[in-house]
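This briefing goes through a few features of one protein chain, grouped by topic. The sequence and the structure come first.

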Amino acid sequence: MKSLFGGSSQTSLKKKADEHIIKGNWAKALTEYKKIVDADPKNIRNRQKLGDIYAKLNKKEEAVEEYSIVAEEYANEGFLIKAIAINKIIIKLDPDNVEVQESLASLYSSRGIEFKKQEKNVSAQEEEKVKVIPKIPLFSDLSREEFLNVVNKLTEKHYAKGEIVCNEGDKGDSIFIISEGEVTITRKNSLGKEVSLATLGEGNFFGEFAFFSNSNRHATVIAEKDTQMFEITKDDVSEIIKEFPRVNDVLFTFYKERVILNLLAMSPIFSSCTTDELREVMDKITKKDFNPGEEVI
């Protein structure tokens, strides 16, 4: 669908609408953003902004309607973490609304995907959608019920640009998933100098090494820009495992994929192995915990 306005007119409208938002003139901002969305209904970020404005004006029904469209589009395009973030907003506005959450579980959980593939009455369009759904670390390996439980335990966190998410040496009792923004991972070298290791963006996980190895954080994480993320704590995971013991196996498999494979690749002993050979070795590795002072061998 072509925009009803030219590029410059659309930019002018957005500038005007955003000025109203800055001043807190939400009613006027709503009028402008409705025009913007009508002109380009497929622009998800504009629809999300419209949902935000409806929420500010306490128009919950209209906000949920816009957010539901946004969440579905993010999910269909493979942006699961973004879809979960919007879903969390919907649940806050309408605690009884579980449709979006159920849809995410059916679309992304392992059993949900298999079920969709096996449905005899599934349309060609839906079948094609299932084929292109990317495998999301951790989530795609969960069953539908496990998926819903993990999502319900995710806590939303916001960090301003320059704010420290966690420090090297902190207790590592949670995993973070970035839904929007960017963080920098740094670590002190042998000389005590802070060295930048990586920059992570939307959809990336971090914190799993300390989480699974029962150790302190191995690096410092700083928000490179205003960042939104989810946190799931060890206590929350323990609660989930009590009801769904298989989640423990899924989490450990995730840990091996993200950490152990990298450690093997860096080891002189396994440096000549191919990726497939490293995966064979990795599959043989099991987890064992040791208390301080306990004999290993």
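This is a predicted model: local features need pLDDT of at least 70, side-chain atom pairs count only at pLDDT 80 or more; totals for chains, interfaces and linings use all residues.

Where is Ile-297 found? Ile-297 lies in the segment that follows helix 13 (275–283).

**Surface patch**
- Ile-297 has a relative accessible area of 92%, and because the cut-off for exposed is over 50%, Ile-297 counts as exposed.
- Together with Phe-290 and Val-296, Ile-297 forms a nonpolar patch on the surface.
- The accessible area of Phe-290, Val-296 and Ile-297 together is about 360 Å².

**Nonpolar cores**
- The largest nonpolar core is made up of 61 residues.
- Ile-84, Phe-139 and Phe-147 are the residues with the most contacts inside this core.
- Helix 12 (residues 246–266) gives the most to the core, contributing ten residues.

**Helix 11**
- Asp-236, Val-237 and Ile-240 are buried in helix 11 (residues 234–243).
- Viewed down the axis of helix 11, the buried residues fall within an arc of 100°, so they line one face of the helix.
- An α-helix has 3.6 residues a turn, so residues three or four places apart point the same way.
- Asp-235 and Lys-242 are exposed on the other side of helix 11.

**His-20 in helix 1**
- His-20 belongs to helix 1 (residues 7–23).
- The relative accessibility of His-20 is 14%; because buried means under 20%, His-20 counts as buried.
- Leaving out neighbours within four places in sequence, the contacts of His-20 are Asn-25, Lys-28, Ala-29 and Glu-32.

**Asn-58 in a loop**
- Asn-58 sits in the loop between helix 3 (44–56) and helix 4 (60–76).
- Although Asn-58 is not a glycine, its phi is positive, at about 60°.
- Asn-58 has 55% relative accessibility and therefore counts as exposed.

Notes
Residues are numbered from 1 along each chain as its sequence is written. Side-chain values use heavy atoms; hydrogens and water are left out. A nonpolar core is a set of buried Ala, Val, Leu, Ile, Met, Phe, Trp, Tyr and Cys residues joined through side-chain atoms within 4.5 Å. Buried means under 20% relative accessible area, exposed over 50%, partly exposed in between (1.4 Å probe, protein chains only). Helices (H or I, at least four residues) and strands (E, at least two) are DSSP runs, numbered from the N terminus. Patches are made of residues with over 30% relative accessible area and no salt bridge: like charges are joined within 9 Å, nonpolar side chains (Val, Leu, Ile, Met, Phe, Trp, Tyr) within 5 Å. Accessible areas come from the Shrake-Rupley method with a 1.4 Å probe; for residues, only the protein chains shown count as cover. A salt bridge is a side-chain nitrogen of Lys or Arg within 4 Å of a carboxyl oxygen of Asp or Glu. Contact means heavy atoms within 4.5 Å. The arc is that of the directions from the helix axis to the C-beta atoms.
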